[in-house]
Amino acid sequence: MKFSGAQLVIRLLERQGIEIITGIPGGANLPLYHALGNSNIRHILARHEQGAGFMAQGMARSTGRPAVCFATSGPGATNLVTPMADAFLDSIPMVAVTGQTPLTLMGTDAFQEVDTYGLSLPVSKHSFLVRSVEELITVIPRAFEIAVSGRPGPVWVDIPKDVQTAEADVDAWPGPGEKQPGPDPDKGTLDRAVAMIQEARKPVFYAGGGIVRAGAGNRVAQLCEKNGIPLVTTLMGLGIGGPSGTPAALGMLGMHGERSTNLILDQCDLLIAAGVRFDDRATGKIEAFCPRARVIHMDIDNAEIGKLKTSHCGIYGDAGQVLEALIPLVETRERADWKAGIAEIQRKHPGPGFFRDSQRPEYLIRRVGRYAVPGSFIVTDVGQHQMWTAQAFPFSRPGQLITSGGLGTMGFGLPAAIGTALACPDAQVICITGDGSVLMNIQEMATLVEQGLNLKIILLNNQALGLVRQQQELFFQGNYVACQYSQSPDFTAIAKGFGIPAQTLGSGESPDTALASLFNTPGPGLVHIPIDPRANVEPMVPPGAANLEMIGGENQ
Amino acid sequence: MKTVMIDLIINNHPGVLYRISGLFARRSFNMEALQVSGLSGTGRSRMRIWVAEDAKLPQILRQLEKNWDVLDISLDTGSGGIEMPEPGTAVPVPFH
């Protein structure tokens, strides 16, 4: 039977189990949309390709399954660069399909022509420029296989318009692209790890986003509990081991981690790193990170092991499999001395407890946490509100937080939350954003209303690019340049203009009435909360400094 | 500084050189010399890259290993008698 290239793509996406595609049509992908019109796949029309890309990310991050977005050539493709780069740094499986100028015109500077393949190289795990209709039959399943196998990531498929319209005979359909099994962890290496854990007196487990992607949060908790190992997480790993604040669960490390957590890491003699990449925001100055520790590093990406910090035992493999093998091999231990030492450091360096101070943004975050139900998703944008959420929200499970960790993309929050709500229509989805971030993709409020999603937006407004203002205060002698907005738009009016019920919290007013009304009313809603523009994220490790050089975050 | 040769078998398509050289550029790896030739009738190419044997070498190899256009990789540290071409000299093309 004969199919056009576009029909082939849609049929293969259906066979892949794709139910929702986000995107925007344009000249070069119209054949794909023509074929999509005859499919049961639901299309979500975004208002900007960056929004479409982040919606796909929200779907992929909340379900763990690869998600798909469409864009046209030229500006459609360039607008996808940011969400693809974001997905690449946070290891999110997604497949972007872009239209391209016909093969016959490629290379002639044709209308809306850009070198999409070239753009894709540094921002995707892999990419294809499809040069014949026959290739599509192998490329589409292969794109999904690559997106989900090993360390997940985004794959870009660029399809010239004349490849979409060309026809091919298909006799047999390929199976959907599936995850290839990872390497089996090496037995000798596992034994070495067990011996190192046995010898250690002050071990710390350091868990990150790879654990969330591997669905291995429970195994981390089991290993730590059995062998008495305290747990720290990265931003991407928050929720592993449940809420933090005990000698067993130390919370987030790094630039905005608790003082005591960074001090404890400085003392440890064994660091068990899993699904982490020793990012500078987590480790601070790498030479000074855990200077007394030997390192066990397990990762599904062999290139991460030893990339930044020498590991004494590198375990290449899926963290879930590695941990499952390790759990029966380690002893049941209390490590009472180490726990007592940790409790002592925590007692000597208590946090400021900002979440108890109704004048502080952390208090608002904690109040929002009271309305979160089990199974909820907290999606943030990027900036101070993101860090306050990381510090103060009581995360109860791995993957509950959806945030742009690696690329730190302002404008991520709203569309990623929309994607989350599309993929998980029965879940409570809360988007915590800031006045700087929300304006970077505010057009997607139209998509939100159109889809009638049950998405609650908490907008903290300090009339500034808060983290920039904070760095200029701390490291540039208070020379504030280009970080404060002299004109703040009327966010409630904007939201209402899009059709979203919205209210602004008055000065000194308790947030509870507004939050109760927000969470008790089905459908989209927004609460706009002006906050103290002087509030900083504390503590803070200066960029490039060692994690021991923390500013603020002490109990006064 | 000693030079070693990375011997790759890669998919042969118009963008593959771009992908490998882009990887080197993005990660601040340096190529001393490069030779690529198609393996006729196979859809594959052979790429030989000469690099300095320094602390970055293991990371270069691991980044290449996980590249989906790289089908096979081996390292020649010089014992096999393969030498880096002198700058300015023509490189023989032995693979056909």
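This tour moves through a predicted model, from chain A as a whole to one of its residues and then to a pocket.

Begin by selecting chain A and colouring it by secondary structure, which comes to 22 helices and 20 strands. The radius of gyration of this chain is 24 Å, close to the 24 Å that the globule rule gives for 556 residues, so chain A is as compact as a globular protein of that length. Along the principal axes, its C-alpha atoms fill a box of roughly 70 × 60 × 45 Å. If you switch to a surface view, the accessible surface of chain A comes to about 21,100 Å², with 51% of that area belonging to carbon and sulfur atoms, while buried residues account for 58% of the 556 residues.

Next, select helix 11 of chain A, residues 259-267, and find Ser260(A) within it. Ser260(A) has 5% relative accessibility and therefore counts as buried, the cut-off being under 20%. Show the side chains around it: apart from neighbours within four places in sequence, Ser260(A) is in contact with Ile345(A), Gln346(A) and His349(A).

Now turn to the second largest pocket, which holds about 1,100 Å³ of space. To centre the view there, select Lys125(A), Asp301(A), Lys66(B), Asn67(B) and Trp68(B), which are the closest to the pocket's centre of the 42 residues that line it. The elements giving two or more residues to this lining are helix 4 (75-89) of chain A and, from chain B, helix 1 (16-26), helix 2 (57-65) and strand 4 (70-76). Helix 1 of chain B gives the most, with five residues. Coloured by residue class, the lining divides into 17 nonpolar, 12 polar and 13 charged residues.

Conventions: Residues are numbered from 1 along each chain as its sequence is written. Chains are lettered from A and ligands numbered from 1 in the order in which they are written. This is a predicted model: local features need pLDDT of at least 70, side-chain atom pairs count only at pLDDT 80 or more; totals for chains, interfaces and linings use all residues. Side-chain values use heavy atoms; hydrogens and water are left out. On a 1 Å grid over the protein atoms alone, a cavity is a set of points where a 1.4 Å probe fits but cannot get out, and a pocket is an open set with protein on both sides within 12 Å along at least five of seven lines; lining residues have an atom within 4 Å of a point. Grid points are joined across faces, edges and corners, and a volume is the space filled by probe spheres set on the points. Helices (H or I, at least four residues) and strands (E, at least two) are DSSP runs, numbered from the N terminus. Ala, Val, Leu, Ile, Met, Phe, Trp, Tyr, Cys and Pro count as nonpolar, Asp, Glu, Lys and Arg as charged, and the others, Gly among them, as polar. Buried means under 20% relative accessible area, exposed over 50%, partly exposed in between (1.4 Å probe, protein chains only). Contact means heavy atoms within 4.5 Å. The radius of gyration is taken over C-alpha atoms; the globule rule is 2.2 Å times the number of residues to the power 0.38. Accessible areas come from the Shrake-Rupley method with a 1.4 Å probe; for residues, only the protein chains shown count as cover.
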